[in-house]
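Colleague: I have a model open and would like to learn how to read it. Can we go through it feature by feature?

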Amino acid sequence: MNASDPSQGPARVAYQGAPGAFSHAACIALRPWDEPVAFETFDQAINAVRSGDCGLALIPVENSTIGVVQPAADLVAASGLAVVTEVWRPIRLALMAAPGARLSDLKTAESHPAALGQCVKALADLGLEAREVFDTAGAARDVAEAKDRSRAAVAPPPAAEIYGLSILRHDLQDSADNRTRFVLLTALEG
């Protein structure tokens, strides 16, 4: 089966992050006929293709604001997998917190280092301490579970609905033209 050909039926597409992450949204938008499969790390998502557990992986490798997305770009380069296609997707970040939280309650903002790097000025203007975690939607999930109104997550807007958070600020990114390049990977034939 050729995993990159939709006429061959649905494939499993590995991505890094929790449901609601930018990579998850990109999988749904770009491959609606396929099954997105979440992995905690970029390495695990890539290894799922190598092992045959998934036919494809969708990995972010570059952002228009911060440049190369690491460690993803290095892992892709060293993966030995073939790039099927690449696509630039707009990235809109939202600041979200537990229901009832106000901007004045917040002390910290948690997210993937790449996302935090895309809203440095906005976070500084809000007086929030950036805290790095490994995933945008995972940060939203963790903030929701903590129910601590001093903690916020920087994540895709759909993550707020998935994890029951309130969006306190839309378009948190410093650049109005914030975009990320994703590559779709598959195992080499033969």
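Modeller: Start with a definition. A salt bridge is a side-chain nitrogen of Lys or Arg within 4 Å of a carboxyl oxygen of Asp or Glu. Keep in mind that this is a predicted model.

Colleague: What is the general idea behind such a pair?

Modeller: Side chains of opposite charge can pair when their charged atoms come close. Here the count comes to 12 salt bridges. Arg12, Glu35 and Asp53 are linked in a network of them.

Colleague: How far apart are the closest N and O atoms of Glu35 and Arg12?

Modeller: They are 3.6 Å apart. Glu35 sits in strand 2 and Arg12 in strand 1, 23 residues apart, so the pair links distant parts of the chain. Glu35 is partly exposed, at 41% relative accessible area. Arg12 is partly exposed too, at 29%.

Colleague: Which residue forms a salt bridge with Glu110?

Modeller: Arg151 does, with the closest N and O atoms 2.5 Å apart.

Colleague: Is Glu110 buried or exposed?

Modeller: The cut-off for buried is under 20% relative accessible area. Glu110 has 5%, so Glu110 counts as buried.

Colleague: Now the nonpolar core. Which residues touch the most other members?

Modeller: The largest core has 26 residues, and Leu58, Leu93, Leu95, Cys119, Leu123, Val154 and Leu172 touch the most other members. Several elements give two or more residues, including strand 3 (56-63), helix 5 (120-126) and strand 11 (179-186). Helix 1 gives the most, with three residues.

Colleague: What is Val154 in contact with, leaving aside its neighbours within four places in sequence?

Modeller: Its contacts include Leu93, Leu95, Cys119, Leu123 and Leu172. Glu110 and Thr136 are also among them. There is a second, separate core as well, of 20 residues, and Ala48, Ala57, Val61 and Val69 are included in it.

Colleague: How should I read a helix?

Modeller: An α-helix has 3.6 residues a turn, so residues three or four places apart point the same way. Now look at helix 6, residues 136-146. Thr136, Ala137, Gly138, Ala139, Ala140, Val143 and Ala144 are buried there. The buried residues pack against helix 1, strand 6, strand 7, helix 4, strand 9 and helix 7.

Colleague: What happens at the start of helix 6?

Modeller: A side-chain oxygen of Asp135 comes within 2.7 Å of the backbone nitrogen of Gly138. After the helix comes Lys147, with a positive phi near 55°. Lys147 is not a glycine. Lys147 is exposed, at 65% relative accessible area.

Colleague: Where is Asp171, which also has a positive phi?

Modeller: Asp171 lies in the loop between strand 10 and strand 11. Its phi is about 50°. Asp171 is partly exposed, with a relative accessible area of 48%.

Colleague: Which peptide bond is cis?

Modeller: The one from Gln70 to Pro71, with omega near 5°. Pro71 is in the loop between strand 4 and helix 3.

Colleague: One last residue. What does the side chain of Asp34 reach?

Modeller: The backbone nitrogen of Ala11, at 2.6 Å. A polar contact of 3.3 Å also joins the side chains of Asp34 and Trp33. Asp34 belongs to the loop between helix 1 and strand 2. Asp34 is buried, at 10% relative accessible area.

Note on methods. Residues are numbered from 1 along each chain as its sequence is written. This is a predicted model: local features need pLDDT of at least 70, side-chain atom pairs count only at pLDDT 80 or more; totals for chains, interfaces and linings use all residues. Side-chain values use heavy atoms; hydrogens and water are left out. A nonpolar core is a set of buried Ala, Val, Leu, Ile, Met, Phe, Trp, Tyr and Cys residues joined through side-chain atoms within 4.5 Å. Buried means under 20% relative accessible area, exposed over 50%, partly exposed in between (1.4 Å probe, protein chains only). Helices (H or I, at least four residues) and strands (E, at least two) are DSSP runs, numbered from the N terminus. Contact means heavy atoms within 4.5 Å. A polar contact is a pair of N or O atoms within 3.5 Å; within protein, one must be able to donate a hydrogen and the other to accept it, and residues adjacent in sequence count only if both atoms are side-chain atoms.
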